[in-house]
Amino acid sequence: MATSPPFPTYPPGPEGLVLRHPHWWQRRWVRYGALITLLALSGLVILALVRRQTGTEGFLVGLGLAMLPVPWLIAAFRWLDRVEPGPWRNLVFAFAWGACAAALIAIVANSFATKWIATATADPASANTLGATVIAPIVEESAKAAAVLLVFLFRRRDFTGIVDGVVIAGITATGFAFTENILYLGTAFGTDQLSGDRGIASVTAATFFVRIVMSPFAHPLFTTLTGLGFGVAALSAERQRARRVLLPVCGLLLAMSMHAFWNGSSTFGEFGFFAVYGAFMMPVFGLLTWLAIWTRQRELRTVREELPAYVLAGWLGPAEPFALGSMRARGTARDYARHHHGRAAARAVAQYEAYATSLAFLRRRGRQGKAGADFVVRERELLDELWKRRDVARPALEYAARAAAPAWPTVPAASWPGYGYPAVPYPAYNPYRS
């Protein structure tokens, strides 16, 4: 059990002063300011490029139609991330990077490469095919993977496993697909305006059916393979450097390959697109969906198995590991707190649940020898955060445990699934106990 308080990382001087000061470019506000400026400028440039290509009316039509799948995709990834919810700022960054920076890189690089190939070969048709099946997958997947890499490197505490990689990658790809759909749908609308086509026979309707109805998950599906590689790398020990590098690279290569196969399906004959869609895309989508849900259930099992140790140490109540290991009980606890104490109490319970989940994952990595050098400090930080919210969270979680398992008052904690520890009386809190 950790007892060391989270003192500063830098060694103090003889009079208690910190010896090192971060350079100006290492300050948080400088990094955040530079990142926000970069994304804002990228957004303005991509807005101007898309509007110039589609026209104002086409842009507005494309924007309205492209918005339709976005809430559903984000809701799906947020549902997947509910066990240990990542900070909103990470998700906002991922979506903004995909919609602005990655989309800008893709438009500029794809256009330049295709024109260069057409000029070099004097064959525009072959250049377009090569651009769609080779250049676009490499450029687009690399641009989207950059967001996952940045979160992996600079928000390491928030990136602890497969679900985090899948969610960040999926949200980034959702943003990218949103911008790309505006461009495609707006261009299709402009084509229909020139040709006079209307209704179901129009290019806009066909584009909407293929991109919004049939395959809104296409870009998220490709990029989640990259996220999967980063997620498995996050589970590796820090000393396994080769694995931590090679796994994301393998995931990126798989994403590029799948993207290229999908883009090339139109060259496989009259029904090539539908054959690839039914025989390849849907099975892979189903497999990755199953893997994500299985991983989510595995995370809940980790919570049930790791937190009882903190019950024995006096940090958690006997009912809490059971309640925290059930999404239904978690929701019941938040509802109980909201009903009796208001929204602020419900937020405190939600934060308590998130911190407790992070604590369980941290302990699992520590037992497996995969925790970082700051394990003790991080563990104590999480325990302190839990203790600050105990007065509101503990009654709510005890109520939720009873509601989820009515026999709880008469059934010892040791008999619940995942409990490998003997039941002991709950000791009084001592902030410096060992």
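This briefing covers aromatic ring pairs and charges over rings. The model is predicted: local features need pLDDT of at least 70, side-chain atom pairs count only at pLDDT 80 or more, and totals for chains, interfaces and linings use all residues. Residues are numbered from 1 along each chain as its sequence is written, and side-chain values use heavy atoms, without hydrogens and water.

**Aromatic pairs**
- The structure holds 15 aromatic pairs. Rings of Phe, Tyr and Trp (its six-membered ring) pair if their centres lie within 6.5 Å; planes under 30 degrees apart are stacked, over 60 edge-to-face, the rest tilted.
- Phenylalanine 261 and phenylalanine 280 pair edge-to-face, at 4.9 Å centre to centre and 90° between the planes.
- This pair links helix H8 (residues 241–263), which holds phenylalanine 261, to helix H9 (residues 272–306), which holds phenylalanine 280; the two are 19 residues apart. Helices are DSSP runs (H or I, at least four residues), numbered from the N terminus.
- Tryptophan 262 and phenylalanine 273 form a tilted pair, because their planes meet at 55°; the centres are 5.1 Å apart.
- Tryptophan 262 is in helix H8 and phenylalanine 273 in helix H9, 11 residues apart.
- Ring pairs join Phe217, Trp262, Phe273, Phe274, Tyr277 and Phe285 into a cluster.

- Tryptophan 262 and phenylalanine 273 are both buried (under 20% relative accessible area; exposed is over 50%, partly exposed in between; 1.4 Å probe, protein chains only).
- Phenylalanine 261 is partly exposed at 34%, and phenylalanine 280 is partly exposed at 28%.

**Charges over rings**
- Arginine 78 lies over the face of tryptophan 88, 4.3 Å from the ring centre. The cut-offs are NZ of Lys or CZ of Arg within 6 Å of the ring centre and within 35 degrees of the ring normal.
- Arginine 211 has its charged end over the ring of tyrosine 184, 4.2 Å from the centre.
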